[in-house]
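Colleague: I would like to learn how to read contacts in a model like this one. Please take me through a few.

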Amino acid sequence: MITTGLSLEQAPPFDVPLRFFLTAPWFLVLAALLLLWQGPAVFASRWLPVTLALTHLLTVGFMAQVMVGALLQMLPVVVGVVVPRPRLTAALIHVPLTLGALVLPLAFLSGRPGWFHPAMGLLGFGFGVALAAILIALWRAPVANSTVVALRCALGALLVTLGLGLALGVYWCCGLGLPVIVLTHVHTAWGLLGWTVLLVVGVAYQVVPMLQMTPPYPGWFMRGFAPLMAALLLAWSVLVLVGAEGMMKWVGAALAVGIASFAGVTGYLLTRRRRRIGDPTLGYWWIGMTSLLAGALLWWATLLIPALAQQPHIELLLGVLSIFGFAVAVINGMLYKIVPFLAWFHLQAQLLGRAKTPHMKQLLPEKPIRQQWWSCLATLLLLLAAVFHPAVLIYPAALSLGVTGMWLGVNLLGVWRYYRRVLDAGMATESLARS
Amino acid sequence: MGAVVDYFAAEHRGCDEFFSAAEEAAQTGDLASCRERFQRFRTAMEQHFRKEEEALFPRFEQASGNPMGPTQVMRLEHQQMQGVLAEMESALTGGDLDEFLGQMETLLILMQQHNIKEEQILYPMCDRVLGVAAAALIETLRSFSEGQPL
């Protein structure tokens, strides 16, 4: 039995995940500014460069940013392995990822092929380092539980998403002859259904039962879900690439049912939580799971009812539900658990009794969490309505997105400033005592 | 599942129940009931720590030949939880239920990330390392009552 290499140590330094968490919300604000600037045109079609710019501000700038930061933080907890040289690794991921998430939308907006070179270089490098660091850690995991399996599938999906994204970048910059529509479909599916959904699945297996005190996910579900979804996604991609439309629909429908079942099971577990008091982050799970369920059912319906698939709004609705309604909302809620806890954790470890450590509800009170939740819900509803009436509603939707993003950013910055203040005061007490 | 995973994970769920009951009393502002429920929770937590630190961990350390490894981190986390439990106690002494609830929220995450590590990683390892001795250990623990040496 080998236990060397196993590390149950608690956490990398606070700044390792925090740099990602404090950067991400401002990409929501940038997305809102882009919407305000470009107006209703953004919702004319999912294929416009400006819509692609908006999508990547949200998926790379906000979602991937937090997801990678959170993985660096949680690997020791769920996997028992730490990422080596955490500060350097985090910097090598965070800087290129942030710059890449800024340059890629600029490349789409400017229409200049030359901008895609730095975007591809930055994102290829940042995601490459992240994938290498996290995959090595995952493969050295001493126990292969359901979460480890789901995370491996999610990381594999990120690799496919990145590879296809780089190939599409070559198309945009160099006009390489590629079946660009088909590749974009596959890139999107692996990014949203593979990387994003499976990562949330792997995390939810642990976080939902533990923090909400619900019954666990059923054992067969946890063991089978992620590998089955990854296999279906692979089959679907092959069928899309060879153009086997008939088969593709059935496999797509199976994927949609799978995703709906995850949303359904999670919702069911949340109704059976044994914690008897309210939790302000629970509302974000409800927005997320309802959106995921609605998105999966809508996708399923378009596969079975061809007339529905012809509707121009469907793809945009799916985008709003899966990206903002599901991913942004769930991530937003989880940040409110992770950031104040880590602030508390690092404070008590550094203060060592020199000063009293403020508890989580002092570091981030419930009231701003509940208030920002309303802005998150309003943004989702306005974005959905703007799909149908962009001329009127795109501006209120954009404003709401900007407000909710800024509010999240300010709430998280508030935790960090409180942390600095208590830490500085605690350390000052000590140097005073010494002198 | 192994004997260690089953027994100790069930203890975690038992502590969760006591936690939730104390939290509920604090939320409704019932200080007397909260004090009583908190004592029950704290006793359950401390008994659980003792079973691990005095019975399970030493056997794991001996069998794996690794006294400074993962069990040391778990002991450290027990101390951190004891620290928060003490803060909760003093909040109750002062009758400050808001402070108490804030400390509970903090303890919940600290406790659950600790439980994840134990249930997902350490307990399965204990089952593998201890083999048949695991079942015997759990038998002893089942008949354990408070105050008895482990």
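Modeller: Start with a charged pair: Glu24(B) and Arg276(A) meet through their side chains in a salt bridge, with N to O at 3.2 Å. Glu24(B) sits in helix 1 (residues 3–27) of chain B and Arg276(A) in the loop between helix 9 (245–271) and helix 10 of chain A, so the pair joins two chains. A salt bridge here is a side-chain nitrogen of Lys or Arg within 4 Å of a carboxyl oxygen of Asp or Glu. Helices (H or I, at least four residues) are DSSP runs, numbered from the N terminus.

Colleague: What kind of model is this, and how are its parts numbered?

Modeller: It is a predicted model: local features need pLDDT of at least 70, side-chain atom pairs count only at pLDDT 80 or more, and totals for chains, interfaces and linings use all residues. Residues are numbered from 1 along each chain as its sequence is written, chains are lettered from A and ligands numbered from 1 in the order in which they are written, and side-chain values use heavy atoms, with hydrogens and water left out.

Colleague: How many salt bridges cross the interface of chain A and chain B?

Modeller: The rule finds eight there. Over all chains the count comes to 25. Another pair is Glu105(B) with Lys337(A), whose closest N and O atoms are 2.7 Å apart.

Colleague: How much area do chain A and chain B bury between them?

Modeller: Buried area is the accessible area (1.4 Å probe) that two parts lose on being put together, summed over both. Here that is about 3,700 Å², 63% of it on carbon and sulfur atoms. In contact (heavy atoms within 4.5 Å) are 33 residues of chain A and 42 residues of chain B.

Colleague: How are two packed helices described?

Modeller: By the angle between their axes and the distance between the axes. Helix 10 (residues 282–304) and helix 14 (residues 366–388) of chain A pack at about 15°, axes 10 Å apart. That makes helix 10 of chain A roughly parallel to helix 14 of chain A (angles under 35 degrees; over 145 is roughly antiparallel, 65 to 115 roughly perpendicular, the rest oblique).

Colleague: Which residues of these helices make the contact?

Modeller: Among them are Tyr284(A) and Ile287(A) of helix 10 of chain A, and Trp373(A) and Leu377(A) of helix 14 of chain A.

Methods. Axes fitted to C-alpha atoms, helices over the stretch in contact; angles between N-to-C directions.
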